[in-house]
Amino acid sequence: MAAETTPRAWPAAVPLLAFVALAFGIPAVALLLGAFTVTEPGTGRTFLGTANLAESLRGNYLTTLLGSVRLSAVVAALGMLLGALLARAVVTSSSAVLRGAVLSASGVLANFGGVPLAFLWVATLGNSGVVTTAFGLGESGWSLYGFWGLVLVYMYFSVPLMVLVLAPALEGLRPQWREAAESSGAGAWQYWRHVGIPVLAPSLLGGFVLLFGGAFAAYATAAAITGSTVPLVTLQIADALTGDVLIGHENVALALSLDMVVVAGLVMAVHLPLQRRSSRWLR
Amino acid sequence: MVAVTPVLDAPRELAPAGRRRVRVWRGLALGLAAVYFLLPLATSFWFTVHNERQGFSLAPYPRILAAEGFGTSMLLSLGLAAATIVVALGLTLPAMLAVRLGAPRLRPVLEVVCTLPLVVPPITFVSGIGTVLRSGPDLLATTPFWGTLMAIQDERFPLVLVLAYVVLALPFVYRSLDAGLRAIDVRTLVEAARGLGASWPYVLLRVLVPNLRSAITGAAFLTLALVLGEYTVAALLGYRTFPVWIVTVAGSEGQLSVAVSLLSLLIIWLLSLALSGAGAGRRRSS
């Protein structure tokens with residue numbers, strides 16, 4: 001019966017697969033080929049080799065790659081901690097209105113990034129920002145355009161994202177577990193150490209890698225705020241793509257892109273199984 | 001649960017002092033969060049309406065509409081968003097239905113294909129696209145594809161951006177539709193409709209799509225938000241979409257760019273309200 005009503009279903013999937021092969025596959029192959037195509041400085045002759053990749057892991061290029069990893073790690077760690085505290089405060093609150101408001105605001109802010117976010121913070125804490133001038137922060141050495149400025153700005157979408165990831169998991173913590181722990185003589189610290197954190201671990205770690213990936217890939221916010229005062233791999237690639245690069249080194253940007261894909265791939269390889277696991281947990 | 005109930009009284013006796021501490025702590029956390037998240041909004045608004053010479057003035061807001069480049073860049077972004085939504089849904093929905101109706105072995109393939117774009121940060125994707133657009137003309141100069149390559153880069157409506165945005169939107173569209181399809185029994189609906197003599201287009205448009213309305217709206221909203229906010233790909237390929245315009249205008253008109261930024265946050269907020277409203281309406285009616 002089923003075979004009669006749905007004679008051949010698979011052709012309906014062909015357009016999507018063909019589209020991805022074209023629109024995603026061709027740029028991906030071009031990126032790979034370019035990253036491994038080395039141009040000999042003197043003759044202009046090209047051949048396949050790993051010189052670009054080796055160069056992308058040296059000197060200034062390595063600095064930008066490590067700068068991005070460091071920024072993303074700090075953002076993810078702080079975002080996880082503060083997001084968890086905020087989510088806990090919201091979930092345990094008895095006011096349903098407050099919970100609804102915070103969760104829907106988180107939904108909006110987690111999707112808010114890029115250029116507009118940068119300008120809101122520049123208007124607030126930039127060199128001529130309202131808060132900066134009102135409190136004379138400029139003289140006391142404050143600058144939005146450095147590493148910690150970026151951390152502060154990235155928190156604006158990272159913390160809400162963590163709240164969204166963690167709120168369902170926190171709601172899954174049964175009050176009975178807490179009560180059982182307390183009646184067996186466990187204090188708050190022991191309860192979290194042995195019950196709370198282990199149950200939340202997949203969500204916490206999943207949120208951490210999600211935040212890391214988001215901060216690692218972010219380009220627009222950083223470009224609009226700092227120009228390129230903070231060494232970040234996305235800014236370095238953009239500089240190279242828009243022509244600010246030595247002759248013969250164009251493909252190093254592609255090698256750098258490939259490095260980024262590897263890091264992002266590792267991040268997703270951690271995230272996806274965790275996501276599956278935590279969604280099974282909370283069913 | 002019954003076993004736990006008798007011991008409930010013991011912890012309650014300890015509660016008042018602990019509960020007060022928890023309340024203070026929770027108030028502090030919420031207060032700090034409120035300051036952090038609301039301060040930039042309030043100060044940005046102040047920044048746009050106040051200046052040294054004129055004092056208070058709402059002038060930057062009406063000026064947005066008249067600003068040079070606002071109309072064209074906004075229309076371009078909205079057009080790209082519409083095209084992206086149509087193409088992404090038009091490609092993904094049939095494929096996902098096929099997986100559920102008769103090709104379950106394709107499911108992992110589809111899952112991988114629709115997750116892959118998450119692994120690729122937009123900036124690396126655009127460096128791949130840039131390479132193709134730069135080296136493509138030399139390789140294809142003698143073939144008919146050369147014309148195609150030129151056509152997709154048309155300044156007025158760069159199709160290459162639609163291609164890129166569909167790829168970037170795939171994970172969100174897939175997840176949204178997957179959640180919607182999980183909630184209905186596709187096979188039974190299709191077999192019932194086909195058994196009653198409905199044609200395939202009728203089954204798709206009058207039976208399946210209405211049942212997936214909130215999932216489709218969700219996918220469309222996420223895609224719209226993605227395209228309206230996307231800066232990296234458009235800026236590096238040199239197209240003047242809405243976010244690119246905001247950056248170019250910021251150099252000369254600081255107040256205007258902050259006003260536009262505030263408005264774009266407001267738009268995202270209204271869109272998400274409309275979306276959750278549509279979802280809630282759907283749940284009530286079903």
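Is the crossing of helix 5 of chain A and helix 8 of chain A left-handed or right-handed?

1. The crossing of these two helices is left-handed (the near helix is turned anticlockwise from the far one by less than a right angle; clockwise would be right-handed). Helices are DSSP runs of H or I of at least four residues, numbered from the N terminus.

2. This is a predicted model, in which local features need pLDDT of at least 70 and side-chain atom pairs count only at pLDDT 80 or more, while totals for chains, interfaces and linings use all residues. Residues are numbered from 1 along each chain as its sequence is written, and chains are lettered from A and ligands numbered from 1 in the order in which they are written.

3. Chain A has a mean pLDDT (the predictor's confidence in each residue, from 0 to 100) of 81, with 90% of its residues at 70 or more.

4. Helix 5 (residues 96-110) and helix 8 (residues 147-171) of chain A pack at about 130 degrees, their axes 8 Å apart. Axes are lines fitted to C-alpha atoms, for helices over the stretch in contact, and angles run from 0 to 180 degrees between N-to-C directions. The angle therefore makes helix 5 of chain A oblique to helix 8 of chain A (under 35 degrees is roughly parallel, over 145 roughly antiparallel, 65 to 115 roughly perpendicular, the rest oblique).

5. Between chains, 70 residues of chain B are in contact (C-beta atoms, placed from the backbone, within 7 Å) with 64 residues of chain A. Helix 1 (residues 9-49) of chain B gives the most to its side, 13 residues.

Technical notes: Two residues are in contact if their C-beta atoms, placed from the backbone, lie within 7 Å.
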